[in-house]
Amino acid sequence: MTDSPTVAGGPPKLPSHIKKPNEEAHKKALEELNTRIDKLKKQQDAVKEKINKLPGKSDNTRRDELRTQLSDLRDKQAEIKKGKQAVYEQLDALNDSIRKKVNNIKSFQAKVPYKTTAEVDARINELEAKIESGVRLVEEKKMLQEISLLKRSRTQVEGLDEQQEAINNERLIYNELRKNVDDSESKKFSEQYEKANAELKIIQTDQNQAREVRNKLYDERTRIKGLLDEEYNQLRSMRDEYRKANDEYYTFLRQLREYKREQEKLRKQQLEQEKRQEAAQQELEEASLPAFEHEITLCDNLCNFLQGFLNDGSSSNKENQSTPETTPGQASLPGGRELSIPEGVVLKKKSEREEDYFIGGGKKKKGTKNGPPKEKKEKAVDTLKLPLATVEGFFEVKVTVPTKFSDIPSTLEKLKERKEQYLIEQPKVTEENKKRAQEKIAAMQKKYEEEQKLAEAEAAEKKAAEANAQAESEQPPVVETTATATTESQ
């Protein structure tokens with residue numbers, strides 16, 4: 001027989017980083033998160049409502065009309081200008097000349113802060129008067145230098161007056177030419193152009209303002225959508241972490257229960273194995289006992305029982321007619337003989353045991369009423385009455401039951417022969433019994449091993465199926481909340 005099954009390793013231990021999730025704290029955190037999400041959703045709905053209330057796509061018909069009108073007016077003005085190209089060229093030349101002269105005057109005035117010769121002369125007279133009144137030597141030198149610079153600049157200032165007069169003359173010529181160019185038709189086109197351009201600017205300003213408002217609402221919607229996405233991501237992450245911690249904890253509990261079931265299963269297997277080993281050992285011990293031991297003992301007891309009839313032949317009939325109850329181990333027989341009773345056999349009164357006796361001699365023949373009494377008496381004395389248990393013993397050893405006292409010697413010989421036969425066959429039958437017992441034990445062990453292999457295969461298959469189911473359950477579910485929020489926000 002094989003050894004008893006054992007468990008490898010001890011019970012599973014809960015890792016330090018795995019704890020039972022706090023369901024109440026998780027629910028509270030989810031409620032707070034959902035509250036924030038609801039608040040953001042309300043804000044998002046308000047922004048969507050504002051966007052929906054905005055006017056639809058603006059009608060750009062008027063804007064396009066104004067742009068077309070402005071383009072036509074520019075074309076007409078260009079045609080008029082083309083017809084008066086020489087005049088416009090002269091105007092441009094005068095305009096350039098005036099611009100250059102004005103720039104020169106401004107540049108000179110930036111260097112010399114005097115615009116007329118009178119101002120220069122007044123400054124020179126002022127400085128000379130100060131010198132004549134008496135000043136320090138250093139101040140006098142500075143004043144003399146300034147007077148010298150002013151006298152040199154006076155010539156240039158005189159040139160400024162000439163340039164200013166030339167500018168005034170060119171402006172008069174420019175204005176006269178401009179009057180000839182600005183006729184009524186050109187002026188009309190200019191007024192129409194300015195009016196249309198002003199209206200176009202108003203339309204563009206309104207559209208820009210509406211676009212700015214719309215863009216602000218779109219930016220606010222995008223901002224709220226981003227916040228919602230963050231909250232939904234946090235919600236999903238929180239649920240995933242809780243589910244993971246919950247799965248890890250209950251996986252440990254499942255492993256612990258599995259370990260306990262396995263322990264109980266192994267304990268039962270061990271008990272069954274011990275019972276099986278005990279039964280096999282008992283059966284092997286019983287098979288190893290000498291064969292026919294019971295039959296041999298029964299033959300000896302039956303021989304002793306019958307031998308008692310032969311040893312007690314000298315007893316008197318008086319002793320036979322004594323009390324119906326006898327002491328244990330003896331019984332009175334007809335003819336004054338005593339019967340040795342095997343140990344454990346209790347005799348009863350004749351009235352109580354008549355039905356249990358086996359009476360040999362065959363059926364009674366009908367005779368005359370006045371037949372010889374002596375022959376009847378001798379026939380009754382030769383009849384052998386045996387207890388039923390003793391008769392069954394003869395049946396068990398397959399020896400003919402003696403029905404007469406005269407059959408006892410031959411029966412004793414048959415019992416001795418039967419005993420000798422048992423003793424001769426005893427070693428062979430004992431070995432056969434032992435071999436059959438060993439074969440039976442080997443067959444039982446083989447059947448047990450096959451059952452164990454089948455159980456192990458079923459357990460492995462079940463474990464693999466559970467692992468596959470757990471792996472499928474651990475796949476992250478499709479979260480539609482964020483996608484729905486994104487779609488709505490768009």
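F305 and F309 are both buried. Two aromatic rings are described by the distance between their centres and the angle between their planes. For F305 and F309, the ring centres lie 5.4 Å apart and the planes meet at 85°, so the pair is edge-to-face. In total, the structure holds four aromatic pairs. Ring pairs also bring in F405, which forms a cluster with F305 and F309.

How far apart in helix α7 are F305 and F309? They are four residues apart, which means a separation of about one helical turn. In general, an α-helix has 3.6 residues a turn, so residues three or four places apart point the same way.

Let us now consider the helix itself. Helix α7 covers residues 293–311. It has 19 residues, and the distance from its first C-alpha to its last is 27 Å, close to the 27 Å expected. Among the buried residues of α7 are I296, L298, L302, L306 and G308.

Two cysteines, C299 and C303, are also on the list of buried residues in α7. C299 has a relative accessible area of 0%, and C303 has one of 12%. The cut-off for a disulfide is 2.5 Å, and the count of disulfides comes to zero.

I turn next to another helix. T430 is located in helix α12, which spans residues 408–473. Is T430 buried or exposed? Its relative accessibility is 13%, so T430 counts as buried. Apart from neighbours within four places in sequence, T430 is in contact with A287, S288, L289, P290 and A291.

Finally, a word on confidence. The protein chain has an average pLDDT of 75, and 73% of the residues score at least 70. Over residues 314–374, the pLDDT is below 50, and this stretch has 75 contacts in the model beyond near neighbours in sequence. Residues 477–490 also have a pLDDT below 50, with 15 contacts beyond near neighbours in sequence. Where pLDDT is low, the predicted coordinates should not be read in detail. Thank you for your attention.

Definitions and conventions: Residues are numbered from 1 along each chain as its sequence is written. This is a predicted model: local features need pLDDT of at least 70, side-chain atom pairs count only at pLDDT 80 or more; totals for chains, interfaces and linings use all residues. Side-chain values use heavy atoms; hydrogens and water are left out. Buried means under 20% relative accessible area, exposed over 50%, partly exposed in between (1.4 Å probe, protein chains only). pLDDT is the predictor's confidence in each residue, from 0 to 100. Contact means heavy atoms within 4.5 Å. Rings of Phe, Tyr and Trp (its six-membered ring) pair if their centres lie within 6.5 Å; planes under 30 degrees apart count as stacked, over 60 as edge-to-face and the rest as tilted. The expected span of a helix is 1.5 Å times one less than its number of residues.
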